[in-house]
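Keep the sequence and the 3D view open side by side as you read.

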Amino acid sequence: MSASASETTYLTTEELSARIKYDPRTIRNQLKDAVLLEGIHYIRPFGGRKILYLWERIEEDMHRPSSVSHLMAGVN
């Protein structure tokens, strides 16, 4: 079940970093486009360079065992 646009929490890389306890560089260099996918976990508003992460989707996927295993395998 995905959140509607009005219920979506948009986070910058730094804000996401604080929530999931990963360094912003790790998010940018290891998680983005490997585990966190454009159009699912993040968007680029107005086609620009800025990235906003969709918290509810990330949180939902973090609780799935296969997602967590995949996430941890790529970072440790």
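The chain holds four helices and three strands, and from the N terminus on these run β-α-α-β-β-α-α. Please bear in mind that this is a predicted model. Of the 76 residues in the chain, 32% are buried. The accessible surface comes to about 5,100 Å², and carbon and sulfur atoms hold 54% of that.

Now for the inside. In soluble globular proteins, nonpolar side chains tend to be buried together. Here the largest nonpolar core has 13 residues, and L16, I20, I27, L31, L36 and Y53 are those with the most contacts inside it.

Leaving aside residues up to four places away in sequence, L36 touches L16, I27, L31, H41, Y42, Y53 and I58.

Two of those partners, Y42 and Y53, deserve a look of their own. The structure holds one aromatic pair. The ring centres of Y42 and Y53 lie 5.7 Å apart with the planes at 55°, so the pair is tilted. Y42 belongs to strand β2 (residues 42-43) and Y53 to strand β3 (residues 52-54), so the pair links parts of the chain eleven residues apart. Both tyrosines, Y42 and Y53, are buried.

Another ring to visit is that of W55: R19 lies over its face, at 5.0 Å from the ring centre.

Finally, among contacts in the chain with a separation of 6 or more, 47% come from residues 24 or more positions apart.

Note on methods
Residues numbered from 1 in each chain as written. Predicted model: local features only at pLDDT ≥ 70, side-chain atom pairs only at ≥ 80, totals over all residues. Heavy atoms only, no water. Core = buried A, V, L, I, M, F, W, Y, C linked by side-chain atoms within 4.5 Å. Buried < 20%, exposed > 50% of the residue type's maximum accessible area, 1.4 Å probe, protein only. Contact = heavy atoms within 4.5 Å. Phe/Tyr/Trp six-rings, centres within 6.5 Å; stacked < 30°, edge-to-face > 60°. Helix = DSSP H or I, 4+ residues; strand = E, 2+ residues; numbered from the N terminus. Lys NZ or Arg CZ within 6 Å of the ring centre and 35° of its normal. Areas by Shrake-Rupley, 256 points an atom, 1.4 Å probe, with all protein chains shown as cover.
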